[in-house]
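Good morning, colleagues. Please take a moment with the sequence and the model, and then I shall go through a few of the features computed from the coordinates.

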Amino acid sequence: LHRVDRRQRQMCIRDRLQIALDNLSSDQAISDAKKAEKYLDVIEVGTILLASEGKNAIIKLKEAFPNKIIVADGKIADAGSVFGKMFFESGADYTTVICAAETSTLKQTIEIGKKIGNKDVQVEMTSHFTWEQVNEWKEAGLNQVVWHRSRDAQKDGAKWDDKNIQTVKRLAEMGFKVTVTGGVEKDDIKLFKGIPIYIFIAGRTIRDAQNPELAAKELKDEISKYWN
Ligand code: 5RP
């Protein structure tokens, strides 16, 4: 825990590449992440892996990567304190609450994170949200949001258009630490230039690459071009 604390304090944007492990097994997830480990700072137990193996996936990923920040992408929609406790006690440093959840769910997840100690919550946002909700989240003490171009919306043709970029910008201006995800590729990084992005997440771009280590390196090099 202390090692992770120190790492969180020292992190700057160049140290914030997250791999999304939406695998069906933790063995495959560990093997995929090991290939690019050198360039990874944050390890995400993806929603798909969580559905496949439950909290055991978090325990195994934490064991395999004790020095990395672990995110359980639970997309919690209700029972925030139950899921939060389960994910945090299994080794997650952050977990996600979906933007469709009641603000009460967010509050209870934040609360359990504080009670367990040093755990943080991210609201995972798709385009289905209102700015009124965002204000409520702020009042509830939320620090982090994840802007997610949904995998299914991508299949239907969703791009990183100006609306996406302006939303991310506005969220950052409100003081949130904003993470960007959803089919992020190297050439997408520059679209966010000038916005203080907290973390970039890439899943398939790294996992499906012929050379995952090179793919992760290229993402980090690209981040370093625009943020220092
Ligand atoms: C799916 C997710 C993924 O973790 C996220 O989209 C990142 O993965 P990829 O880069 O493969 O899109 O939240 O629900």
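Across the whole of this predicted model, the search for salt bridges returns 10.

Helix 10 brings me to the pockets. The largest pocket has a volume of about 340 Å³. Its lining comprises 23 residues, and those nearest the centre are Asp22, Lys75, His148, Arg151 and Thr181. Which elements give two or more residues to this lining? They are helix 3 (47-53), strand 3 (69-76), strand 6 (144-148), helix 8 (151-155), strand 8 (197-202) and helix 10 (204-207). Helix 8 gives the most, namely three residues. Sorted by class, the lining holds nine charged, eight polar and six nonpolar residues.

Finally, let us turn to a helix pair. The axes of helix 5, residues 80-89, and helix 6, residues 103-116, come within 8 Å and cross at roughly 35 degrees. The crossing of these two helices is right-handed. On the side of helix 5, the contact is made by Gly80, Ser81, Gly84, Lys85, Phe88 and Glu89. Helix 6 contributes Thr105, Gln108, Thr109, Ile112, Gly113 and Ile116. Of the residues in this contact, seven are polar, three nonpolar and two charged.

Thank you for your attention.

Note on methods: Residues are numbered from 1 along each chain as its sequence is written. This is a predicted model: local features need pLDDT of at least 70, side-chain atom pairs count only at pLDDT 80 or more; totals for chains, interfaces and linings use all residues. Side-chain values use heavy atoms; hydrogens and water are left out. On a 1 Å grid over the protein atoms alone, a cavity is a set of points where a 1.4 Å probe fits but cannot get out, and a pocket is an open set with protein on both sides within 12 Å along at least five of seven lines; lining residues have an atom within 4 Å of a point. Grid points are joined across faces, edges and corners, and a volume is the space filled by probe spheres set on the points. Helices (H or I, at least four residues) and strands (E, at least two) are DSSP runs, numbered from the N terminus. Ala, Val, Leu, Ile, Met, Phe, Trp, Tyr, Cys and Pro count as nonpolar, Asp, Glu, Lys and Arg as charged, and the others, Gly among them, as polar. Axes are lines fitted to C-alpha atoms, for helices over the stretch in contact, and angles run from 0 to 180 degrees between N-to-C directions. A crossing is left-handed if the near helix is turned anticlockwise from the far one by less than a right angle, and right-handed if clockwise. Contact means heavy atoms within 4.5 Å. A salt bridge is a side-chain nitrogen of Lys or Arg within 4 Å of a carboxyl oxygen of Asp or Glu.
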